[in-house]
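Please consult the sequence and the model while reading.

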Amino acid sequence: MSIVLGFIALCLHLALMLAAAPLLVGVLRKFKARLLGRTGAPVLQPYRDLARLLRKQAVVAENASAVFVLAPAVALAGTIAAVALVPSFTLGTSTSAASDLLLIGGMLAISRVALALAGMDIGTAFGGIGASREMTFAAFAEPVMLLVIFTLALLVGTTNLDVIATVGREASLGLRVSLGLVLAAVVVLAIVENGRIPVDNPATHLELTMVHEAMVLEYAGWQLALIEFTAALKLLLWMTLIAAVFCPFGMAAPDASPLYWLLGIVAWAGKVAVGTVGVGLLEISIAKMRVFRVPEFLGVALLLAVLAAVFLFVSQGFA
Amino acid sequence: MNVAALLAVLRPMLAPVLTALLAGCGAVAALSYLVMGAPAVTLDLPIGLPGAGITLALDGLSAVFLLVVFLASTAAAASAIGDHHYTETAPFLPAFVGGMALALVAGDGFSLLLGFEAMSVTSLVLVLSTHRDGTVRQGGLLYGGMAALGALSLIMVVGLLAQRGLSFAAMRAAPPEGWRAILVLALVLVGAGSKAGIVPLHTWLPPAHAAAPAHVSALMSGVMTKVALYVVVRVLFDLCGPAQPAWFGVPLIVLGAAGALLGALRANMEGDIKAALACSTIENVGLITIGFGVALVARGADLPALASLGAAAALLHIVAHGLFKPLLFLGAGAIQDGAGTRRLDRLGGLIHRMPVTSALLIFGAVNLAALPPTAGFAGEWLLFQSVLGAPRIGGFAVQVLVCVTAGLMAMGAALAAAAAVRLVGVALLGRPRGPRAAAAEEAGPWKLRAMSGVASVAFLVGLFPGSVLRLAGPALRTLTGAEMGERAGLAVLTPALDMPGYAALLTLALLLLAFGAIWFLRQFADLRTTRGPAWDCGFGASTARLPFGDPLTQYSGGGFSQPLRRALGHSILAAREVVSMPEPGDTSAARIEVTLRDPANAWVFAPFAYWRDKASGIADTMQFLTIRQILSVMVGVLVLFLIVIAVIEQL
């Protein structure tokens, strides 16, 4: 892919992801509402919410520092930088050489740390509770993430997501037990990272059970809009990431003509739709678990990830 | 340095200035030596042991460590300029730096021991600068004991290696084999490992590093641990020769993984900022040890590319940690001076009173949390890459070990991030928890200069990790026989040739672009901001009666780590919580008491103390024997001794 085309593809990818993120949340809410027998808000409601928040003034606590004001923008910047590294409809964009899975994890960690610090900046109990729990969950999520990357690196020989997707697209990996185990671990990881039910409830109004919402309790106006948008973008990011690793079919090859991009966009939309249905079905069929069950939940994922690596060692005598 | 020490005896106030100047010159010299790629030089001095003299040797490996030591020393000494608290022990500061430098340029066993012990003794004196405080004396005592144990083991290491002579060249000519090599490995891990904070001899770090003055603990935690690691590496990689078996590195990987988890977990539990930072040093030393372990195993399995990757990762993390840890310790010192305490439970809201120090500390904490594109992230990224490549070594046991190590490293990294958020969130953000914190004062000009200097070097290392590894090329060749070469480019760092890797500059550009775009688009929103009391889910503002009662409802350091303590601390640190609730009607406060126990205390130190007491009990009874019994014991020992000699002669 030429440099110009690669750059255009990157811009198109970013524009699509940024534009579609609120829509994903709207569709997910609508789908859940219909499953529960409610009519639900229109699918475009998240856009209206964001527009409304942008029109409102921000109310900032008296003792807020610069950290509080900067954190939403830093969190969104980290997430957008991660989004730029994850391939959606085509491979070989301008950033494909840098799309390292560890780096993507680092970008998401920037976002997490920024919001955790913001939660502690005002000095209220709720901010602290959210920050403390968020960092605790991360301590259990990170090993799962790394062992997943470990297994993928064993299979493909690199931690670069673009290369992993390329190898998967050519179907040279085939169906493997390890990949199935890894997929299960990644789904658990994605649920925890996005704070979905059963780990956290983005629609909760009960303070003591909140994690993410407790951290951002003090925000209003444009700052809250940035945070809401970050959460939506992160959900889309994880779905795209899972699709790129486990279901890279339909993505345009690096040297394919831009006409194949259309096919890639359709395939990507389809994969995200499947993911949305999955999340919706999971969320209506399960209750939120106690906070101290989450490390156990992640422990299961950790076990699956370790098993995946050990399966590879045994089956390949990996060398 | 010795001249500086002598001068400093006469004029204590000059000590930091002279140390900073000399260390600065040393840093420039080490850097220019590395940039020019000059060959190794040796220098024989006619002083020292009779008939043997002293050999000094400078090669690429020494120079990399020297650079780190001198950079951190410049900053640490500069931060002490104008500080009148520690004039009594000031002459020991240049001597401490000189001791570290001597250990690094030693070319024979004697000068190595001389430098290492000079470093130990002077740092012990510096720890005791404020010896009127009881906890300081306790920390110093523990440190003194560990230093003595370390010295004993290192002397035996030198003895085992010096089959044909004390110089390094003679040691290389006769590398240890068989049981001798195993003994060297074990003793060097005890001798230098105890100084570096390698598990299980790490327990002295938090009390001792917390007790020392800030600029001294910056050096002890940031670079003295690195000098100890240099001794480990010099002995195991260089002096033991390249013919050691592959399993030689396995103990390093196991101990390193244990340290990474234990140190990071304990960093979340400590209530003292400096103790928490010292625990995070244990974690980072563990990570570095893993890198060297992978290198050693890969070298034994004849995989030079992987070996150089592991060693390069360890060296890069040594540089990164050797810069950001002094920054954090100097910041902790500034907090102690400005807010009067290092206890998290008394701090809070310092970002309003100490904005520059807070900004620098946040930068250090971001390094500690290993967020891209900092130096901390670059080091850990390369370490993960070397571990991800390690299954190629082969053997099911090694592969499973590597897999578990990878998981523990990741957990350590995430726990370190939690510890960083805890330090910044509790100490710098929020509301002040006491009057002293509310009236904190910004650090003095030299402290700020020192911190911003070391922070900017750390920033550059984060952006150009490949250049650092280029400079470390000769060191890598000494260690593993291979270099990073093209893998360490100016812009991109890759684990293998023709592979995509990590581009720090591009990462920074992406983040800045995204942030800039958001900040630009922000102006289309309503930017008028109203300031008001915190919402806090509708809880009202506190009454005027309780100016500092209400801020105590914030999360404290102990509260922040409570989920981790329940989830992990119970099994690893034997955490126990005792809640004492007053009877109904009783108005006294409810209390929660938390006890933690480091596993090393339970498994290593407690049995040691038990047997020491036993032995002293036996010695005690022997004091009160009658003369006849004493004589018969002596005769018995003599006979036993002769029998042993006779048996040995027969063999």
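Which residues form one aromatic cluster with W222(A)? The model is predicted, and in it W222(A) forms one aromatic cluster with F515(B) and W519(B). The ring of W222(A) also has a charge over it: the charged end of R522(B) sits 4.9 Å from the ring centre. A further arginine, R449(B), lies over the face of W446(B), with 4.7 Å to the centre of that ring.

**Aromatic pairs**

Over all chains, the structure holds 14 aromatic pairs. In one of them, the ring centres of F237(B) and F292(B) are 5.8 Å apart and the planes stand at 65°, so this pair is edge-to-face; the cut-off for that class is over 60 degrees. F237(B) belongs to helix α10 (residues 214–239) of chain B and F292(B) to helix α12 (residues 273–300) of chain B, so the pair ties together parts that lie 55 residues apart in sequence. Both F237(B) and F292(B) are buried.

The rings of W381(B) and Y502(B) have centres 5.6 Å apart and planes at 40°, so this pair is tilted. W381(B) is in helix α16 (residues 375–389) of chain B, whereas Y502(B) is in strand β4 (residues 502–503) of chain B; the pair thus links distant parts of the chain, 121 residues apart. W381(B) counts as buried because its relative accessibility is 1%, where the cut-off is under 20%. Y502(B) is buried as well, with a relative accessible area of 1%.

The two pairs are set out below.

| Pair | Distance of centres | Angle of planes | Class |
|---|---|---|---|
| F237(B) and F292(B) | 5.8 Å | 65° | edge-to-face |
| W381(B) and Y502(B) | 5.6 Å | 40° | tilted |

**Chain B as a whole**

Chain B has 26 helices and 7 strands. Its C-alpha atoms fill a box of roughly 90 × 70 × 60 Å along the principal axes. Why does the radius of gyration of chain B agree with that of a compact globule? For 651 residues, a compact globule would have a value near 26 Å, and chain B has 26 Å, so the two agree.

Of the 651 residues of chain B, 55% count as buried. Among contacts in chain B between residues at least 6 apart in sequence, 77% join residues at least 24 apart. The accessible surface of chain B comes to about 26400 Å², and 68% of this area belongs to carbon and sulfur atoms.

Definitions and conventions:
Residues are numbered from 1 along each chain as its sequence is written. Chains are lettered from A and ligands numbered from 1 in the order in which they are written. This is a predicted model: local features need pLDDT of at least 70, side-chain atom pairs count only at pLDDT 80 or more; totals for chains, interfaces and linings use all residues. Side-chain values use heavy atoms; hydrogens and water are left out. Rings of Phe, Tyr and Trp (its six-membered ring) pair if their centres lie within 6.5 Å; planes under 30 degrees apart count as stacked, over 60 as edge-to-face and the rest as tilted. Helices (H or I, at least four residues) and strands (E, at least two) are DSSP runs, numbered from the N terminus. Buried means under 20% relative accessible area, exposed over 50%, partly exposed in between (1.4 Å probe, protein chains only). A charge sits over a ring if NZ of Lys or CZ of Arg is within 6 Å of the ring centre and within 35 degrees of the ring normal. The radius of gyration is taken over C-alpha atoms; the globule rule is 2.2 Å times the number of residues to the power 0.38. Contact means heavy atoms within 4.5 Å. Accessible areas come from the Shrake-Rupley method with a 1.4 Å probe; for residues, only the protein chains shown count as cover.
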